[in-house]
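The numbered points can be checked against the coordinates.

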Amino acid sequence: MTDPRRFHLQRTHDVTGVSGTGRVANGILWPDGTVSIRWAGDRPSTVFWDDVAHAEAVHGHGGHTVIVWDDPEPAPAGDCAHCPDGHTPADSGSQPWHVRVGPERDGDGQPIRLYVERSAGAHVAEADAAWIRARLGGQP
């Protein structure tokens, strides 16, 4: 990683009764792997961690607080044989995303699946799926 990567901590249940719920902190993953977290609220503070996993272990509260990446994971150079500089980042590029309702139906005839694709038939990578999951709040 050569650039800092932004994230925030999203909390569904405040175990301690101190930080509240929702977006409780903003963070930066630095290129050397260290992490800075700036807590929001009435008494803001900043903490530093040697590793993002350490921050998650302490502040995750058993899954009640999750890291939501605001910046996509950078694709390593050469990851895609079809892309000379790795793979087009999910949030940019010449082929934007589109979504369509799939033909699959439940017992009442209602649609049950959405398909998210790059337009013009452009190829995708696992990094694209991770980027979309992060925006939907899903887990890998």
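1. This is a predicted model: local features need pLDDT of at least 70 and side-chain atom pairs count only at pLDDT 80 or more, while totals for chains, interfaces and linings use all residues. Residues are numbered from 1 along each chain as its sequence is written, and side-chain values use heavy atoms, with hydrogens and water left out.

2. An open sheet is formed by 5 strands in the order S4-S3-S2-S1-S5, with antiparallel pairing (strands are DSSP runs of E, at least two residues, and helices runs of H or I, at least four, numbered from the N terminus; two strands pair if DSSP finds at least two bridges between them). S4 (46-49) and S5 are at the edges with a single partner strand each, so one side of each lacks a neighbour in the sheet. From one strand to the next, the twist averages 25 degrees.

3. S2 (residues 22-29) pairs with S3 (residues 35-39) in the antiparallel sense over 5 bridges. Ala-25 is opposite Trp-39 in S3.

4. In helix H2 (residues 126-136), the buried residues are Asp-128, Trp-131 and Ala-134 (buried means under 20% relative accessible area, exposed over 50%, partly exposed in between; 1.4 Å probe, protein chains only). Their cover includes strands S5 (65-69), S6 (97-101) and S7 (114-118). Glu-126 and Leu-136, on the other side of H2, are exposed.

5. Asp-71 lies in the loop between S5 and S6 and is buried, at a relative accessible area of 17%. Leaving aside neighbours within four places in sequence, Asp-71 contacts Pro-4, Arg-5, Arg-6 and Arg-135 (heavy atoms within 4.5 Å).

Technical notes: Axes fitted to C-alpha atoms, helices over the stretch in contact; angles between N-to-C directions.
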